[in-house]
Amino acid sequence: MLKFYFGPMDCGKSTLALQMNYNHGRQGRRGLVLTKHDRSGGPKVTSRIGLGLDAIEVVDSLDLVRLVTSHDRIDYLICDEACFYTVAQIEQLADLVDEHGVDVYAFGLASDFRSVMFPAAQRLFELADEVCRLQVEVLCWCGRPGQLNARVVGGAMARTGEQVVIGDTDASPVRYQVLCRRHHRSGRLGEGSFSDAVGDAVGSDQAV
Ligand SMILES: [Zn+2]
């Protein structure tokens with residue numbers, strides 16, 4: 001079974017990934033936890049509520065079928081940040097399900113800061129047995145459900161640029177903000193964001 005859980009930042013994807021790994025482990029099943037570009041900056045799955053677990057970093061050249069078959073017995077994979085994997089790696093996940101009897105639980109964003117789908121996420125939508133939208137109380141500043149990630153550079157919403165830019169770190173001028181569709185389309189970031197833009201870098205709750 002190939003399952004894809006998607007949602008915006010902060011919707012609890014990594015927390016659910018870690019919970020799922022724990023549940024499967026308790027049943028005596030053996031799995032691997034994979035991630036890419038986790039917010040911790042290392043090969044770890046971390047969640048904003050403070051849980052963490054060592055994980056395998058998925059670099060572009062990693063063959064996931066070979067990774068799994070080099071192990072003794074793997075029952076399942078937890079694939080965090082799967083939106084950043086290559087399309088070929090998503091195909092490998094489907095191979096693992098079909099040819100090797102591995103259950104794959106993939107977690108990630110569906111779309112980038114422009115609201116355009118990541119290629120890997122698109123392939124997951126096409127191939128997954130089940131797709132599940134996560135909506136764990138992430139709200140836009142206006143109170144509507146947060147659906148889309150905006151990239152904010154210098155206090156303004158970016159509409160163009162590289163698809164993957166790591167933000168929300170001390171060193172980066174880029175941050176991400178979850179917005180409802182209406183405000184993603186209009187580019188309005190809300191009241192609190194303006195003060196961020198004029199230099200209130202310290203104490204910003206976005207600087208996670
Ligand atoms: Zn809104």
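View 1. Buried here means under 20% relative accessible area, exposed over 50%, and partly exposed in between, with a 1.4 Å probe and protein chains only. The model is predicted, and local features need pLDDT of at least 70, side-chain atom pairs count only at pLDDT 80 or more, while totals for chains, interfaces and linings use all residues. Residues are numbered from 1 along each chain as its sequence is written, and side-chain values use heavy atoms, with hydrogens and water left out. Asp-80 is found in the loop between strand S6 (76-79) and helix H3 (87-100), where helices (H or I, at least four residues) and strands (E, at least two) are DSSP runs numbered from the N terminus. Leaving aside neighbours within four places in sequence, Asp-80 is in contact (heavy atoms within 4.5 Å) with residues including Ser-14, Thr-35, Tyr-85 and Phe-107.

**View 2. The zinc ion and its protein donors, Cys-140 (SG), Cys-142 (SG), Cys-180 (SG) and His-183 (ND1).** These donors (N, O and S atoms within 2.8 Å of the metal, or 3.2 Å for Na, K and Ca; water is not among the atoms, so sites may look incomplete) lie 2.0 to 2.3 Å from the zinc ion. Cys-140, at 4% relative accessibility, counts as buried, whereas Cys-142, at 31%, counts as partly exposed.

**View 3. An open sheet of six strands in the order S5-S2-S6-S7-S1-S8, with parallel pairing.** Strand S5 (56-57) and strand S8 (130-133) stand at the edges, each with a single partner strand, so one side of each is left without a neighbour in the sheet. Two strands pair if DSSP finds at least two bridges between them, and strand S1 (residues 2-6) pairs with S8 over four bridges.
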